[in-house]
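Please examine the sequence and the model shown below. The paragraphs that follow lead through its charged pairs, its nonpolar regions and its aromatic pairs.

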Amino acid sequence: MITETKRTDTLANNLANADTAGFKRDVAVSEEFEPMLLRRINDYDPSLDITAFKRFRLNTKDPAVGTLGLGAYVAEIAVDREQGSFQTTGNPYDVAISGNGFLAVQTDNGIRYTRDGALFRGSTGVLQNMKGQPILDQNEQPITIPGNLRQVTIGAQGQIYGDGRLLGQMMFVEFGPDRRAILKQGDNLWQPQEGAQRSPATGEIEQGMLERSNSNVVNEMVALINNQRIYEAGSKAVITQDSLLDKAVNDLGRVG
């Protein structure tokens with residue numbers, strides 16, 4: 001029941017972020033506890049054991065019945081990194097990441113990374129996301145865009161051109177050597193782990209588009225309903241067991 005509660009929380013979070021740009025859904029990965037081996041007891045008959053001699057027998061172990069499962073637990077909240085669909089916005093500052101890659105943003109806790117490409121030019125000219133966090137260039141500095149430009153173009157690797165002139169280049173990177181080198185932090189931000197190696201992204205940036213969440217509302221709702229039924233079945237089993245124990249203590253165990 002604890003496992004299904006955690007899975008419900010994961011599904012609810014996926015549903016809540018179904019419209020969050022660049023969001024990657026989570027998956028609760030379950031593992032089984034080590035099963036317990038059951039053996040029969042009190043069924044040894046010396047007359048049937050041809051290895052027995054003066055109360056000694058070679059087979060000192062009782063016959064095995066099989067294994068008993070001890071339940072499951074959530075071993076990991078994994079991230080489904082499947083590519084989300086693209087949505088055209090018409091905003092020249094919006095970008096969608098096709099393939100692997102992250103944009104760097106400046107937060108109160110340092111540099112973090114995101115795939116949320118909903119960007120805009122702030123009042124001071126700084127390119128930032130919807131939370132007001134500046135987008136950083138390759139030198140880890142905020143990108144400033146003049147206000148008198150007629151046309152802004154963003155290249156496949158994050159190059160920003162204003163009226164044909166290069167204004168800067170976004171820090172567009174990915175991390176290795178494995179996929180767990182960078183993990184979710186919250187607020188649609190990702191944080192590199194110790195030992196993570198930063199390298200130029202192999203993906204591409206598409207201007208005027210946003211990558212939608214890869215969380216499918218219908219699939220998440222079906223999984224949520226199924227999860228609730230599993231939880232209810234476990235709850236009924238606990239109630240039944242409690243009822244049996246109650247009868248054993250108060251009825252069968254009563255002294256006449």
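How many salt bridges does the count come to? The structure is a predicted model, in which local features need pLDDT of at least 70 and side-chain atom pairs count only at pLDDT 80 or more, while totals for chains, interfaces and linings use all residues. Residues are numbered from 1 along each chain as its sequence is written, and side-chain values use heavy atoms, with hydrogens and water left out. Side chains of opposite charge can pair when their charged atoms come close. A salt bridge here is a side-chain nitrogen of Lys or Arg within 4 Å of a carboxyl oxygen of Asp or Glu. By this rule the count is 8 salt bridges.

One of them joins Arg 7 to Glu 4, with the closest N and O atoms 3.3 Å apart. Both residues belong to helix α1 (residues 2–16), where they are 3 residues apart, about one turn of the helix. Helices (H or I, at least four residues) and strands (E, at least two) are DSSP runs, numbered from the N terminus. Glu 4 has a relative accessible area of 13% and is therefore buried. The term buried means under 20% relative accessible area, exposed means over 50%, and partly exposed lies in between, with a 1.4 Å probe and protein chains only.

A salt bridge also forms between Lys 184 and Asp 26, whose closest N and O atoms are 2.9 Å apart. Lys 184 lies in strand β15 (residues 182–186) and Asp 26 in strand β1 (residues 26–32), so this pair ties together parts that are 158 residues apart in sequence. Of the two partners, Lys 184 is partly exposed at a relative accessible area of 29%, whereas Asp 26 is buried at 11%.

Arg 115 forms a salt bridge with Glu 211, and here the closest N and O atoms are 3.1 Å apart. This pair links distant parts of the chain, 96 residues apart: Arg 115 is in the loop between β8 (110–114) and β9 (119–121), and Glu 211 is in strand β19 (residues 209–211). Both Arg 115 and Glu 211 are buried. Through salt bridges that share partners, Lys 24, Arg 115 and Glu 211 are joined into one network.

The next topic is the nonpolar interior. A nonpolar core is a set of buried Ala, Val, Leu, Ile, Met, Phe, Trp, Tyr and Cys residues joined through side-chain atoms within 4.5 Å. The largest such core has 19 residues, and those with the most contacts inside it are Leu 103, Leu 119, Leu 127, Ile 160 and Met 170. Two or more residues of this core come from each of β6 (95–98), β7 (102–107) and β11 (152–154). Another core, of 10 residues, lies apart from it and includes Phe 102, Ala 104, Val 173 and Ile 182.

On the surface, Phe 33, Met 36, Leu 38, Val 65, Leu 68, Leu 70 and Tyr 73 form a nonpolar patch with about 590 Å² of accessible area together. Patches are made of residues with over 30% relative accessible area and no salt bridge; like charges are joined within 9 Å, and nonpolar side chains (Val, Leu, Ile, Met, Phe, Trp, Tyr) within 5 Å. Accessible areas come from the Shrake-Rupley method with a 1.4 Å probe, and for residues only the protein chains shown count as cover. At least two residues of the patch are supplied by each of β2 (36–39) and β3 (64–68). Tyr 73 is found in strand β4 (residues 72–79).

How many aromatic pairs does a search of the whole structure find? Rings of Phe, Tyr and Trp (its six-membered ring) pair if their centres lie within 6.5 Å; planes under 30 degrees apart count as stacked, over 60 as edge-to-face and the rest as tilted. The search finds 3 aromatic pairs. In one of them, the rings of Phe 33 and Tyr 73 have centres 4.7 Å apart and planes at 35°, so the pair is tilted. Phe 33, in the loop between β1 and β2, and Tyr 73, in strand β4, are 40 residues apart, and their pair links distant parts of the chain. Phe 33 counts as partly exposed at 39% relative accessibility, and Tyr 73 counts as partly exposed at 30%. The rings of Phe 102 and Trp 190 also make a tilted pair, because their planes are at 55°, with centres 5.2 Å apart. Phe 102 lies in strand β7 and Trp 190 in strand β16 (residues 189–192), so the pair ties together parts that are 88 residues apart in sequence. Both Phe 102 and Trp 190 are buried.
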